[in-house]
Structure formats: structure tokens, C-alpha cells
Amino acid sequence: MTRIADVRLRRILDSRANATVEADVLTESGGFGRAAAPSGASTGEHEAIELDAEEAIANAREHAVPRLVEEVYAGDQRSVDAALHAADGIDDFSGIGANSAVAISMAAAKAGADMLGAPLYQHLGGAFRGENFPVPLGNVIGGGEHAADATDIQEFLSAPVGAPSVTDAVFANAAVHDEAHEILADRGIPAGKGDEGAWAPSIDDEEAFEIMAEATENVSDGVGFEIGFGLDVAAAEMYDDGEYVYSDRTRSTDEQIEYVADLVHEYDLVYVEDPLDENDFEAFAELTDRVGEETLICGDDLFVTNTERLQTGIEQGSANSILIKPNQIGTLTDAFDAIELATRNGIEPVVSHRSGETEDTTIAHLAVATDAPFIKTGAASGERTAKLNELIRIAEDAL
Ligand code: PGA
Ligand code: ZN
């Protein structure tokens, strides 16, 4: 192993054309890794703190880079990430910025892989044999914080659970995305796209459910394997003063549990993310108790990839799945620890993009390396297809 020789940080554009942090890590033996931080819009209240890109870069240059260069072995991910924590000095990364931390953490992993001449998923995951592959969840119709004047529920996700290969799954999601557009056009409904490339028509949730059911069924009939669908309700964004506020009505917590349980049964939903408020472990547990045998109840804003919050959720039976977003917690090591704790307790990890993304493909490798059953990374748009296309390449490589 050789040591880190240099860390370079710069501002680049993300998919919303906002500034984000890109890091290059160079090693003494000539290894190189580059990665960029994504950024959320419907962020959880308990996430690691992202700073303005310029401020994050200045702070990381002052505090983190001197602890890494000529100090830490590239490829020793735990030491790299421990140095980032020490540089920050605060648990939530508000010192150097979670955006600087995650970019450096991921770039160091890539430099480590480069030194070994191994693909990143192998460096991260050891002996991946390509037996299981993450099923991509494709965002087809959406609104919430990702588009104005669209659905209340943030994401309607195509889930090609019966796909024989990752390539079939990726193309199935693209076909469902296309089919939904056709159905919208047949109904005379114009639709632009939201932040993640999903259609963002001005329709209510009920109509979105109808269109998703029709689109997934039509494509499933054509390809000959099962395609279900799921949701990211992002309910913390609609929760206000004890009630869930929808465009046309409000629901109490009990009514919200009832509503989501009914949706799971009516549409055979295979996946439901954040159906309840991010601080209501108890309501999550009630819903998981009711429908957890039939579907995945996934905590995103609830857990924020944080092992302490996950531990609380495990003790209370709040969910049977956790969303994994490295930038929510700041480093790859922390994300790995969350995945390990989840897996040991029968909680399914789902690796995820953010609504603001770059061409970075680290999460595709992370999902494969950790044997995650699902990856959530959109269905269309370049910053999403970057990850999907990488999954296709990894699958070919692993054969
Ligand atoms: P975000 O949304 O990246 O805007 O937080 C994605 C999600 O809620 O899963
Ligand atoms: Zn979410």
C-alpha cells in the first residue's frame, strides 16, 4: 500500500446546475481516484450537514487534507474516513461539510482500487461472484419536493423484480418510463420532468397509481417477467403539526397508516419508503407490523444511514429496509457500517442516489459490493443512466 500524495478539490456542477464538490485523490505510486458529492432536496432533518461548496472546499483544505497527505495509506478506507472524522471534529460533518467528506472518501476508495488494478466493486466488496444483483428501482412519475404542481407522493418507482438480469431490469424500467409517457399523452396530459428524470405531470396521486399499474402491466406482458411498483412517500415533507397534509385533504397518523396499508394491498406494492414522519419510529413499527410480510417498509429520512437511528428502529421493529445514501452520513465506512448492522438484523439495504446527482458511479459499485437487493437510481436522464450503465458493465465484468 502506498500513501495519499495529494487531494485536490474543486467546484463542479450537479444535475440541478448547483455547485457541488469534486475530489481527486492521488497516491505515491501513481494511483488516482475521482468522485463527486450528490445533494438532496427532500433532506432528512438528521442528515450530516452539507455546506456551501466553496466553504466546504476551504474547510476541507485547511483541516482534512493535511491529515491525509503523506499520513494515510490510500486503500485503507477506515483510516481515510477516521481522518475525515478527526478533521471535522463534530459528528455531523458541519465542520468540513459532508459534501467534502463524501467526495474525498469515495475518491480515496477509487484510488485504492486503481492501485490494485481492480474494479471498485471488488475493492469494496472482496469476493463478489455476481450471484445476486441489485434490482434497480426506477423513478417513473414523481412530485413532492422534486417538482412543482405534480403528485403529493414524491416517487412512483418501477420495480422489475422478476428480471432475469440487470440489463433486462434496466431496460424494463426505461420501457415503463416510456410507457407512462404514452399513457399520459393518450390522456391528453402534458408532462415535463422532475429533478430525477421522472415525469412530473399535474395529476393527483390516484391517477398516478392508475398510470403506474397500467404501465408496469403493459411492459411486464411484453417482456414476460414480473414488474411491480413501489413508492417513496417522503412523508416527512408533508407532515405538519401532527397531520399529513395532501393537496386535497389531511390525514391523521392513524389514517396515514391505514391509507398506506390499503395501497400496499390494492397495488401489491413491493416497496414503500418513508410512509410516515422521520421521527415517528412508533408509527413506522405499527405499519411494518401490519404489512411487513408483504412489502419492504424502508426508512430514508427515518434512519439517514445512521447506525444509532437504525439501532433504535431495530429495537422498535420500525422497518424491514433501510435506504443507504453515503452523503447522508459522510463517509463510505459509515455507510458500510449501516449496511452491516442492517444485514445482521434482517433489514434489507437499498443503496440510493440523491435528487441532485453527478456522473459519479460509486453507488453502483457500492450496491454490488454489499449485495444490496435494490438500488434506487432513477430510470432516465444522464446522471441516472451513468449509474445504470455502470451496473450493466459490472454485470458483464462479473460473468
Ligand atoms: P432527495 O430525495 O435526494 O431530494 O433527498 C431522494 C429521496 O428522498 O429518496
Ligand atoms: Zn426518500
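Okay, some ground rules. Residues count from 1 along each chain as its sequence is written, while chains are lettered from A and ligands numbered from 1 in the order in which they are written. Since the model is predicted, local features need pLDDT of at least 70 and side-chain atom pairs count only at pLDDT 80 or more, though totals for chains, interfaces and linings use all residues; side-chain values use heavy atoms, with hydrogens and water left out.

Let's start with the metal. Which residues coordinate the zinc ion, ligand 2? They are D232 through OD, E273 through OE and D300 through OD, at 2.0 to 2.2 Å. A donor here is an N, O or S atom within 2.8 Å of the metal (3.2 Å for Na, K and Ca), and water is not among the atoms, so sites may look incomplete. Along the sequence, the donor spacing reads D-x40-E-x26-D. D232 sits in strand β6 (residues 228–232) and E273 in strand β10 (residues 271–273), 41 residues apart, so the pair links distant parts of the chain.

Buried means under 20% relative accessible area, exposed over 50%, and partly exposed in between, using a 1.4 Å probe and protein chains only.

Leaving out neighbours within four places in sequence, A235 is in contact (heavy atoms within 4.5 Å) with Y244, Q256, D274, P275, L276 and D277.

Now the inside. In soluble globular proteins, nonpolar side chains tend to be buried together. A nonpolar core is a set of buried Ala, Val, Leu, Ile, Met, Phe, Trp, Tyr and Cys residues joined through side-chain atoms within 4.5 Å. The largest one has 113 residues, and V7, L9, L68, F209 and L269 touch the most other members. Helix α4 (residues 98–116) gives the most to this core, 11 residues. The core draws at least three residues from each of domain 1 (4–117) and domain 2 (125–398), with bounds from an automatic or database domain assignment. Zoom in on F209: not counting residues up to four places away in sequence, its contacts include I153, F156, F229 and L269. Apart from that core lies another, of 11 residues, among them V135, L137, V270 and V350.

Four of the five residues of β13 (residues 348–352) are buried. In β14, K376 is the bridge partner of S352. From β13 the chain crosses through helix α13 (residues 362–369) to β14, a right-handed β-α-β crossover. Right-handed means that, with the strands pointing away from you, the path from the first strand over the helix to the second runs clockwise.

Last stop: β2 (19–27) and β3 (residues 32–36) run antiparallel, joined by five bridges. They form a hairpin with four residues between them, and G30 in the turn has a positive phi of about 95 degrees.

Note on methods
Helices (H or I, at least four residues) and strands (E, at least two) are DSSP runs, numbered from the N terminus. Two strands pair if DSSP finds at least two bridges between them.
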